[in-house]
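Welcome! Here is a short briefing on how side chains pack together in the structure shown below.

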Amino acid sequence: MESKGKYYLTTAIAYTSGKPHIGNNYEIVLADSIVRFKRKEGYDVFFQTGTDEHGQKIEMKAQEAGTTPRAFVDNVAGIIRGMCDMLNISYDKFIRTTDDYHEKQVQKIFRRLYEQGDIYKGAYEGMYCTPCESFWTESQLVDGKCPDCGRDVKPAKEEAYFFRMSKYADRLIKHINEHPEFIQPVSRKNEMMNNFLLPGLQDLCVSRTSFKWGIPVDFDDRHVVYVWLDALTNYITGIGYDADGNSTEQYKKFWPADLHLIGKDIIRFHTIYWPIFLMALGEPLPKQIFGHPWLMMNGGKMSKSRGNVIYVDDLVGFFGVDAVRYYMIHEMPFENDGNATWELIAERTNSDLANTLGNLVNRTISMSNKYFGGVVSDKGVALTEKDGEADQDLRQVVTGTLARAAAKMEELRVADALTEVFALFKRCNKYIDETEPWVLAKDPEKADRLSTVLYNLVESIIIGASVLEPFMPETAGKIAAQLNMSLRSFEQLADFGLLADEHKITDKPEILFARLDMKEVEKKEEEVLAAMQTAAQAANAAEGAGDAGKQAGGQEAEAGARAVIDPEPKPEISYDDFAKLQFQVGEIIACEAVPKSKKLLCSQVKIGSQVKQIVSGIKAHYTPEEMVGKKVMVLVNLKPAKLAGVMSEGMLLCAGDAEGNLALVKPEKEMPSGAEIA
C-alpha cells in the first residue's frame, strides 16, 4: 500500500507520582485506537507516550517512601509502561524525561531562550500548588484553592527565571483565529481565549530553587528547569530535535505533530505555553490539540483521597483486555465526561460483547459446521424478492461501515466510530432473524439458500472484525482465527465477496466473551476494594509509625513542660443522659474538602454495615488524604444537620489544646468498624 503520508500523535506523558487509575489510562487507549486506525488507512505513523519524572512533588514522594527520587521514578515509570503493555498499546516511543538525551536538549533549549532574551532572571512571589507545580496570583484562585486541581496552595517566594509570554501572545491569538481546528473541541478553544489569552498573559516562571529534583540550568546550577518547560519539550526531543540546529531526519519528517491528545485539565499548558515556546524556538506549531473529557466514577473525578479509584490491572484481570478497551473507548462522549463502574462495565460486556458480537460469531460458526461441515460457499441464491432485499441491505451496511467509521475518526469522534462497527454486527444479527437459517435447514431444496446466508454472514463478520481491529485488536484476531482467515486491509473492505468458495472454518468455535454473573462482579469488586483499603491502612500505619519515631524524642522532652488544660466544667449529667449517646468505632473510607468552606471536610465513615456522611471542622489539621483509612470514634446518633449546604449524620470526636490544635480520638488497639464504645 502506498503511504498516505506521515502521522505523528503524542499523548500527555504520565506523571510518576504514583500508580495511574483507569481515568489516566483512558487517554492511552484512545490514542492507540486512533493510531491503529491511521496505520490501516495507510499512514506512516509515529506514536509517542512516556513519563514526566521531575518536580517537587516527586522529591517529596521519594522522601516519604525513604528512597531516592531516581529510584522512585524508575519504579513508577515501570508500572506505567507495564500498564501500557497490558492494554496492548502499540506505541513507537516511550520517552522518560530523565533520559539523558532529553535532559541535555532541555538545558540547550533553556540556554538558547535565555541568550535570545526570551528568558530573564527575577523573583517570584505568589501562591504555589505543589501537586500541579504551578504558581498563582490571589485573583486566579477559586475559593482560595488552586483553580486547576482544587487543592490547597501556600505562599511562596523565590528567585526564578521567567519567560516573556506577552511577547508572543498576539501572534498566538492570530494563529488560533486563523486555524479553527488547532484547539478541539471548540469549547476548549473558547475557554483558553476568553480566560487566559484575551485578558493578557503574565510572564511565566520557568525555574525553581526550592528543590533539586529537576534538570539543572547549566549556567546557573542553583536553579532547576520548571517542570512544564521540561515536560512539554518531550514532544520534540523524543523524535530528534536539537536546539543547536542538528535535528535528525526523523524530526524533520514527523514534526509538526498531527495531534497532541491530552486531558482537558492540562489544555492551558499545551495550547498557550507550548505554542509560545515553539514560536520562540522558530519551530512550527502542532496541527491540532484535542482536550478530551474525563472518565469519572459515579459522576465524580477519580481520586485516591475520595476512595473512588479503579485500577486497570484489576479490571483486565477480571474482564479481559479488550472488554476494558471497549468500555473506555465506547462510553466516552466527544466532549462531556464519561462514567465508569464495575457494574457498568459488566453490563456493557454482557449486552454488546457477549450478546451482540460473541453470540453472532458463535452462532455463525456453529451453524456452518452443523449444516455444511464448516465449509462456506456462496451459491448466490435468493429464493424470494424479500431474500434479495435482505441480502442487498446487509451488503450495503457492511461495505459502508468503514467509510462511516473513518468519517467519525477524522473528527476524533472515536466512540461514534466504534458504534458504527457494532451497527454492522447488529445488522448481522438482524439478518439471522430475517433469514431463519434453522428453518431453511429443514428443507433440502433450500440448501443453496442456506449456504448463501451463511456465506454472507461469514463475509460480513470478517469485514466487521477488520474494522474492529484498531479498537479491539486481540478480539479481531481471535475472530479471524476462528474463521480460518486473515484480517483484511482497509483497501479490501469496499468489496463484498472476497471470501473464496469452499472455505473451511474452524470446527470448534470458542466463546469470545462469556456472560457475567452480576453477583460475581459485585463480589470481585468488594474483594478489590477491601484489598485497596487494607493496603491504604498499612501505608498509613507505616507512615504514622515513621512519624512517631521521628517525633518521639521531641515529644517526650516537651511533655513535662507542656501545660495541662482545664476547660470550663459543664453541668453534671445522669447515667441515663449519657446512655442516650451512641458512640462507635468508624473507619473513614473516603474524604474530600467541602466546596466554598475553609474549615470543613466531608468524610464517608463506615460504621458496621452502614456508611454515614460526617462533616467536620478539621480542615486546618488534616488533609483528605490523611483522613482515609483512619479508625475514629464517632457519635452516631446525633441529629442530622446541614453544614455549608452538606448533610452531616454524626460527629467525629476530637481532642483540642489551648492553642486550637485538634487531634482525632482513635482506639488505642485495633478494633473492628462498628465496635461500640461504652
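Over the ring of which residue does the charged end of Lys264 sit? That ring belongs to Trp294, with the charged end 4.6 Å from its centre; a charge sits over a ring if NZ of Lys or CZ of Arg is within 6 Å of the ring centre and within 35 degrees of the ring normal. This is a predicted model, in which local features need pLDDT of at least 70 and side-chain atom pairs count only at pLDDT 80 or more, while totals for chains, interfaces and linings use all residues. Residues are numbered from 1 along each chain as its sequence is written, and side-chain values use heavy atoms, leaving out hydrogens and water.

**Rings**
- Lys19 lies over the face of Tyr311, 4.4 Å from the ring centre.
- The whole structure holds 27 aromatic pairs (rings of Phe, Tyr and Trp, its six-membered ring, with centres within 6.5 Å; planes under 30 degrees apart count as stacked, over 60 as edge-to-face and the rest as tilted).
- Trp228 and Phe269 are stacked, because their ring centres are 3.8 Å apart and their planes at 5°.
- One aromatic cluster includes Tyr8, Phe46, Trp255 and Trp274.

**Burial and cores**
- Trp228 is buried, with a relative accessible area of 14% (buried means under 20%, exposed over 50%, partly exposed in between, with a 1.4 Å probe and protein chains only).
- Phe269 is also buried, at 2%.
- The largest nonpolar core has 101 residues (a set of buried Ala, Val, Leu, Ile, Met, Phe, Trp, Tyr and Cys residues joined through side-chain atoms within 4.5 Å).
- Ile34 and Phe471 have the most contacts inside this core (contact means heavy atoms within 4.5 Å).
- A second, separate core has 56 residues, among them Phe46 and Leu229.
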